[in-house]
Amino acid sequence: MIIEDEEIAAAYCAKCIASYGHDINIVAVCRDGDTAREKFSLLKPDVIFADIRLGKDNGLDLISEFRSEGWNGKLIIMSVYNNFDFVRRAIHLGVVDYLLKPVFKDDVFKILDSLVLYFDKQGGPASKIADINNLNVPQYLHKALEFISLNYGKKFSLKEISDNSCVSGTYLSMAFSKYLGMTFVEYLNMYRIEIAKNILMISSVSINQVAEQVGIPDVVYFSKLFKKYTGITPGRYRTEFNSRTEEIEGLND
């Protein structure tokens, strides 16, 4: 749930979260404290992004009310105020992060990365593709995952990655299965599709171009693989995302 009284800021925050590309649902965008209270009582969100200043309301007072009702979800504060008293109170309320305005997309994504990992560990909704810097895996596998994150748009083999990671291909292949629960090819395909989802959401380039950018130049195979991991075609995915974004922005009208 997003609680933000500025229309442009609320719409931008919603768009950033919607474009993240994981199984994250924005259940409400609230422009004032009264609406937030009403929506909160009905929805009990797992995560709240809240501004400190909400017209006549104070975002921290609002969160304090929610905490007193037993809410133990994750809180992210957004504010133009870099004030120690605000920060100290936010910490007391269990804030996950404190975003200074203007809020940037990369900062929102970093927070969502952490939340994805948290809910994944809790058995909640999250993508299998996690932030590799936070994965508890051997260094050689970490290097392999980093290689993929930097070169997913190119053609390469398991041997190239294993040579770069200073380990045999057989050993690295076994590590993928042991630590990630999937084969090297499955991880690579899944990673490329996650990147493709982000490209589809934030740009208007053709499906052919998206396929090439993620290292799967055969657009027919790319579309087949995309549908395997998402359940829908790339074109439909983009259409549904755009429709969902328009609905979210319409909540602010």
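**Figure 1. C13 and the cysteine sulfurs.** C13 is buried, at a relative accessible area of 3%. The model shown here and in the following views is predicted. Which cysteine holds the sulfur closest to that of C13? The closest cysteine sulfur belongs to C16, and because the two sulfurs are 6.6 Å apart, they are too far from each other for a bond. The cut-off applied to a pair of cysteine sulfur atoms is 2.5 Å. A disulfide is a covalent bond between the sulfur atoms of two cysteines. The count of disulfides by this rule is zero. C30 is another buried cysteine, with a relative accessibility of 0%.

Figure 2. Strand β3 covers residues 47–51, and five of its five residues are buried. Which residues of β3 lie on each of its faces? V47, F49 and D51 are on one side, I48 and A50 are on the other, and both faces are covered. Strand β1, made up of residues 2–3, runs parallel to β3 and is joined to β3 by two bridges. In this pairing, A50 of β3 stands opposite I3. Strand β6 (residues 74–79) also pairs with β3: the two run parallel, with five bridges between them. F49 has I76 of β6 as its bridge partner.

**Figure 3. The salt-bridge network of D34, R37 and E65.** Salt bridges link D34, R37 and E65 in a network. The R37 and D34 side chains meet at 3.2 Å, N to O. Both residues belong to helix α2 (residues 33–43); because they are three residues apart there, about one helical turn separates them. The salt bridge between E65 and R37 has an N to O distance of 3.0 Å. E65 lies in helix α3 (residues 59–68) and R37 in helix α2, so this pair ties together parts that are 28 residues apart in sequence.

Figure 4. How many salt bridges does a search of the whole structure find? The search finds three, and one of the pairs is K159 with D163. Their side chains meet at 2.9 Å, N to O. Helix α7 (residues 158–164) holds both residues, which sit four residues apart, about one turn of the helix. K159 counts as exposed, at 57% relative accessibility. D163 is partly exposed, with a relative accessible area of 48%.

**Figure 5. The nonpolar cores.** In soluble globular proteins, nonpolar side chains tend to be buried together. The largest nonpolar core of this model has 35 residues. Which of its residues touch the most other members? They are L141, I148, I161, L172, F176, Y187 and F222. Two or more residues of this core come from each of α6 (139–151), α8 (169–180), α9 (184–202), α10 (207–213) and α11 (219–230). Helix α9 gives the largest share, with eleven residues.

Figure 6. V27 is found in the loop between α1 (7–18) and β2 (29–30). Together with L42 and L43, V27 forms a nonpolar patch on the surface, and the accessible area of the three residues together is about 270 Å². V27 itself is partly exposed, at a relative accessible area of 42%. A28 lies in the loop between α1 and β2. Is A28 buried or exposed? At a relative accessibility of 4%, A28 counts as buried, because the cut-off for buried is under 20% relative accessible area. How far apart in space are A28 and F40? Their C-alpha atoms are 8.8 Å apart, and the two residues are twelve residues apart in sequence.

Key. Residues numbered from 1 in each chain as written. Predicted model: local features only at pLDDT ≥ 70, side-chain atom pairs only at ≥ 80, totals over all residues. Heavy atoms only, no water. Patch = residues over 30% accessible without salt bridge, like charges linked within 9 Å, V, L, I, M, F, W, Y side chains within 5 Å. Areas by Shrake-Rupley, 256 points an atom, 1.4 Å probe, with all protein chains shown as cover. Salt bridge = Lys/Arg side-chain N within 4 Å of Asp/Glu carboxyl O. Buried < 20%, exposed > 50% of the residue type's maximum accessible area, 1.4 Å probe, protein only. Pairing = 2+ DSSP bridges. Core = buried A, V, L, I, M, F, W, Y, C linked by side-chain atoms within 4.5 Å.
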